[in-house]
Amino acid sequence: MEIDVRGPRFGATLTTVVLAVVLITGSGWLLAAQALVFAAGAAAGVQNSPYGWVFRTLVRPRLGPPPATEDAAPPRFAQAVGLVFAVVGVIGYLVGPQWLGVAAAACALAAAFLNAAFAYCLGCEMYLLLKRGTTRQAL
C-alpha cells in the first residue's frame with residue numbers, strides 16, 4: 001500500500017511535541033498515551049493511526065494531492081520501533097528507574113525530530129537495512 005509522504009512527517013511532528021512535553025513534565029502517563037498511538041500505527045498502519053486520521057481528515061484536504069507516495073511498510077515498522085522505546089520509557093517513568101524513562105523518551109524524541117525536521121526516518125532506514133539483510137541471506 002502506498003501512502004502520502006507528508007502523513008508520516010506530520011505524525012512525527014505531533015510525536016515530537018508530545019515527547020518534548022513528556023521530557024519536560026516527566027509524565028509516564030502521557031508517554032503511555034503516545035505508546036498507544038505507536039501501537040495503532042504499528043498494528044493498523046500509520047494512515048490508520050490517530051495522527052494519520054487527523055492528517056487524512058483535517059490536513060490533507062487543505063494541501064491537495066500528494067507530491068509523492070511511499071510504501072507504508074517502513075513507516076509502520078518505525079511505529080513498532082517507537083512503541084518499543086515508549087514501552088521501555090513508560091516502565092522507567094512508572095516503575096523505575098526514572099533515568100530509563102528519560103533515556104527512552106529522549107531516544108524516541110530524537111528519532112521523531114529527525115523525521116519531522118529533516119524527513120529522515122530512522123525506523124524506516126532500519127527496516128530497509130533489515131530487508132536488504134534478509135534478502136541477501138535468502139539468495
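**Pockets and a helix pair in a predicted model**

The largest pocket holds about 570 Å³ of space. A pocket is an open set of points on a 1 Å grid over the protein atoms alone, with protein on both sides within 12 Å along at least five of seven lines, and its lining residues have an atom within 4 Å of a point. A volume is the space filled by probe spheres set on the points, which are joined across faces, edges and corners. This is a predicted model, in which local features need pLDDT of at least 70 and side-chain atom pairs count only at pLDDT 80 or more, while totals for chains, interfaces and linings use all residues. Residues are numbered from 1 along each chain as its sequence is written, and side-chain values use heavy atoms, with hydrogens and water left out.

Which residues lie nearest the centre of the largest pocket? They are Pro8, Val46, Pro75, Gln79 and Asn115, out of 32 lining residues. The elements that give two or more residues to this lining include strand 1 (2–4), helix 1 (6–25) and helix 4 (73–94). Helices (H or I, at least four residues) and strands (E, at least two) are DSSP runs, numbered from the N terminus. By class, the lining of the largest pocket has 19 nonpolar, 10 polar and three charged residues. Here Ala, Val, Leu, Ile, Met, Phe, Trp, Tyr, Cys and Pro count as nonpolar, Asp, Glu, Lys and Arg as charged, and the others, Gly among them, as polar.

The second largest pocket holds about 240 Å³ of space. Its lining comprises 15 residues, and Glu70, Asn115, Ala119, Cys121 and Cys124 are the closest to its centre. Ala119 is placed in the loop between helix 5 and helix 6, and this residue has a positive phi of about 55° although it is not a glycine.

The packing of helix 2 and helix 4 comes next. The axes of helix 2 (residues 28–44) and helix 4 come within 8 Å and cross at roughly 155°; axes are lines fitted to C-alpha atoms, for helices over the stretch in contact, and angles run from 0 to 180 degrees between N-to-C directions. Helix 2 and helix 4 are therefore roughly antiparallel to each other, a term for angles over 145 degrees.

In the loop between helix 4 and helix 5 lies Pro97. A cis peptide bond, with omega about -5°, joins Gly96 and Pro97.

Notes: On a 1 Å grid over the protein atoms alone, a cavity is a set of points where a 1.4 Å probe fits but cannot get out, and a pocket is an open set with protein on both sides within 12 Å along at least five of seven lines; lining residues have an atom within 4 Å of a point. Angles under 35 degrees count as roughly parallel, over 145 as roughly antiparallel, 65 to 115 as roughly perpendicular and the rest as oblique.
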